[in-house]
Amino acid sequence: MFEGKSFFEILSMGGWTLYLLFIISVLSVAVIILKIVEFKKKSEVNIEDLLRRAEQALKKDTPEQLVSYCRNENKPVTNVISAGIKKYIMTKDSNIEEAMKREISIEVVRLEKFTTLIATIGSVAVYIGLFGTVLGIIRSFHDISLAGSGGISVVIGGVSESLIATAAGLCVAIPAVAAYNFLTRAIDKFVVDMEYTVSALKEIVHATVNKK
């Protein structure tokens, strides 16, 4: 059925819905790549080293240098630490948990940016494909009504072409849903790391305040 046909000729066989699916598939792939690269960069951090650095900074009474370092790193965990240390600098006590939890909420919103778009594409692409198929079948039955007795060959060809839209919808939806699930799990991992950092840094600050 596709022998000798160009890519755009195949797209035209599925009607305007196939063009729409092609556009959102490109958008989906672009966002998936963007988020994977972003998450890889933001996950490149050693939490234990950061906590040791925080402990040393507090012992040497140089928390401002730690805040500057965390700001330059600009990763979810370092931003949470920065929020806690800033609170410590302002109050000089160990009540930093709320400031760090607020920062976690902010970081989660940043991490989730565009992920809902991937989920939407994964949900909607199948229905767009089915809609294209229904339109193709309607067109095929219209053609057979015009063709008369010779219409069965017309409708078979038309239906086979219209099913391209359903196949294309599945090809767009399946990777998008899989990517959304992968990104969701990655975000959960970030949250676990940030919550661990809150607990550990709170203990470090509390010990520092008690010594003073």
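User: Which residue follows α5, and what about its phi?
Analyst: Lys92 follows α5, and its phi is positive, near 60°. Helices here are DSSP runs (H or I, at least four residues), numbered from the N terminus. This is a predicted model: local features need pLDDT of at least 70, side-chain atom pairs count only at pLDDT 80 or more, and totals for chains, interfaces and linings use all residues. Residues are numbered from 1 along each chain as its sequence is written, and side-chain values use heavy atoms, with hydrogens and water left out.

User: How far apart are the end C-alpha atoms of α5?
Analyst: They are 23 Å apart. The 16 residues, 76-91, should span 22 Å at 1.5 Å a residue, so the two agree. The expected span is 1.5 Å times one less than the number of residues.

User: What is Ser82 in contact with, leaving aside neighbours within four places in sequence?
Analyst: Val67 and Cys70. Contact means heavy atoms within 4.5 Å.

User: New topic. How many aromatic pairs?
Analyst: One. Phe39 and Phe190 have ring centres 5.5 Å apart and planes at 75°, so the pair is edge-to-face. Rings of Phe, Tyr and Trp (its six-membered ring) pair if their centres lie within 6.5 Å; planes under 30 degrees apart count as stacked, over 60 as edge-to-face, the rest as tilted.

User: Where do the two sit in the chain?
Analyst: Phe39 is in α2 (residues 16-43) and Phe190 in α8 (residues 151-211), 151 residues apart. Both are buried.

How values were computed. Buried means under 20% relative accessible area, exposed over 50%, partly exposed in between (1.4 Å probe, protein chains only).
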